[in-house]
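Below is a brief report on one structure.

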Amino acid sequence: MIEAIAVSKSFDDIKAIDSVTASIKEGSVYGLVGTNGAGKSTFLRMVCGIYKPDRGNVIVDNSEVYENESIKKQIFYISDDQFFFSNATPDDMKKYYQVMYDTFDGERFDKLIKQFELNPKRKINTFSKGMKKQVSIICGLCATTKYLLCDETFDGLDPVMRQAVKSILIGEIMERNMTPIIASHSLRELEDICEHVGLLHKGGILFSRDLDDMKLNIHKLQCVFASEESEKQVLSQLQVMHYDKKGSICYLTVRGELDQISQCMESVNPVFYESVQLSLEEIFISETEVLGYDIKKLIF
Ligand SMILES: Nc1ncnc2c1ncn2[C@@H]1O[C@H](COP(=O)(O)OP(=O)(O)OP(=O)(O)O)[C@@H](O)[C@H]1O
């Protein structure tokens with residue numbers, strides 16, 4: 001388990017991370033979404049022990065991570081700024097990581113390099129951006145660490161490769177108890193893979209939720225009320241997060257369990273009503289609107 005407790009990190013007068021508290025359970029896929037400069041990379045770099053927090057603690061499996069070799073061996077950080085030795089080939093990087101990680105699976109590395117149609121003996125600095133990204137991802141997967149930190153990992157991959165990498169990640173999560181944290185500026189990128197999403201904004205976590213809970217607890221209704229009184233009654237009884245009316249059709253985003261919402265609607269005998277599934281984007285828009293933010297322009 002990874003626990004960040006009131007963690008802060010500044011670079012001169014820039015507060016990159018401001019008192020973030022988060023808890024990432026083992027075996028779950030945690031998505032960290034936020035705009036450019038929100039602090040995602042800084043947060044991940046503290047989680048893997050590259051940066052020491054100015055304040056607060058990052059605890060991994062009950063131990064402080066910074067300068068803790070045995071804990072760091074359980075974490076692989078696939079950085080946004082990829083690192084390869086100059087003139088290194090994929091095979092050279094394999095040898096390097098075999099020394100760094102006892103758990104590195106060389107055979108799997110060879111298999112994946114072949115599967116991704118990369119030449120293990122070609123210099124990585126002659127590879128395209130997407131090919132370099134593939135080498136980093138393969139190194140990360142083959143390190144077979146308990147925690148895998150993915151920083152904008154899908155960026156720069158073509159759609160087919162994105163899906164291939166996601167499938168490999170999902171397979172890995174199912175096969176062994178791996179815990180990935182995936183940072184991205186795009187919620188769409190995280191929707192089909194993460195179980196929990198934290199929204200980072202200007203160095204702070206705005207909110208953090210289980211996606212299933214979010215989907216079960218927020219509903220969109222379209223309805224036509226029989227009278228103004230029944231409309232008022234419903235609006236006063238339900239926890240309405242967003243309300244809009246076009247002609248006689250009302251559009252409501254409501255927090256709560258569907259059974260209770262349906263009961264309330266049926267009690268006023270509307271002319272028509274139906275509940276529509278919200279997309280994750282719509283849920284985020286509603287949640288952040290309540291907090292007074294307009295993230296529509298920022299993270300989609
Ligand atoms: N080494 C550094 N020195 C100075 N400032 C830094 C450093 N690293 C990050 N920052 C600043 O900290 C803030 C957060 O940066 P960070 O890279 O963590 O954001 P991010 O969410 O990963 O952004 P992006 O999506 O653009 O990669 C930014 O204002 C950035 O300029």
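Which residue with a positive phi follows H1? Gly-49 comes after H1, with phi near 85°. The model is predicted.

## Ligand shell

The ligand is surrounded by 13 residues. The closest are Phe-11, Ala-16, Asn-36, Ser-41 and Thr-42. Two elements give two or more residues to this shell: strand E2 (14-24) and helix H1 (40-47). H1 provides the largest share, three residues.

By class, the shell holds seven polar residues, four nonpolar and two charged.

## Helix H1

How much of H1 is covered? The buried residues are Lys-40, Ser-41, Thr-42, Phe-43, Leu-44, Met-46 and Val-47.

Ser-41 and Thr-42 are buried in H1, and both are among the closest residues to the ligand.

## Helix H5

Helix H5 spans residues 129-142, 14 residues in total. From first C-alpha to last, H5 reaches 20 Å. That is close to the 20 Å expected at 1.5 Å a residue.

H5 is mostly covered, with 10 of its 14 residues buried. The buried set is Lys-133, Gln-134, Val-135, Ser-136, Ile-137, Ile-138, Cys-139, Gly-140, Leu-141 and Cys-142. Just after H5, Thr-144 has a positive phi of about 50°.

## Domain layout

The protein chain is divided into domain 1 (2-202) and domain 2 (214-299). How far apart are the domain centres? Taken over C-alpha atoms, the centres of domain 1 and domain 2 are separated by 38 Å.

Domain 1 gives seven residues to the contact, and domain 2 gives five. On the side of domain 1 that touches domain 2, strand E3 (30-34) and helix H7 (187-191) each supply at least two residues. That side of domain 1 has four polar, two nonpolar and one charged residues.

Definitions and conventions. Residues are numbered from 1 along each chain as its sequence is written. This is a predicted model: local features need pLDDT of at least 70, side-chain atom pairs count only at pLDDT 80 or more; totals for chains, interfaces and linings use all residues. A residue is near a molecule or strand if its C-beta atom, placed from the backbone, lies within 6 Å of it. Helices (H or I, at least four residues) and strands (E, at least two) are DSSP runs, numbered from the N terminus. Ala, Val, Leu, Ile, Met, Phe, Trp, Tyr, Cys and Pro count as nonpolar, Asp, Glu, Lys and Arg as charged, and the others, Gly among them, as polar. A residue is buried if 20 or more other C-beta atoms lie within 10 Å of its own, exposed if 12 or fewer, and partly exposed in between; C-beta atoms are placed from the backbone. The expected span of a helix is 1.5 Å times one less than its number of residues. Domain bounds come from an automatic or database domain assignment. Two residues are in contact if their C-beta atoms, placed from the backbone, lie within 7 Å.
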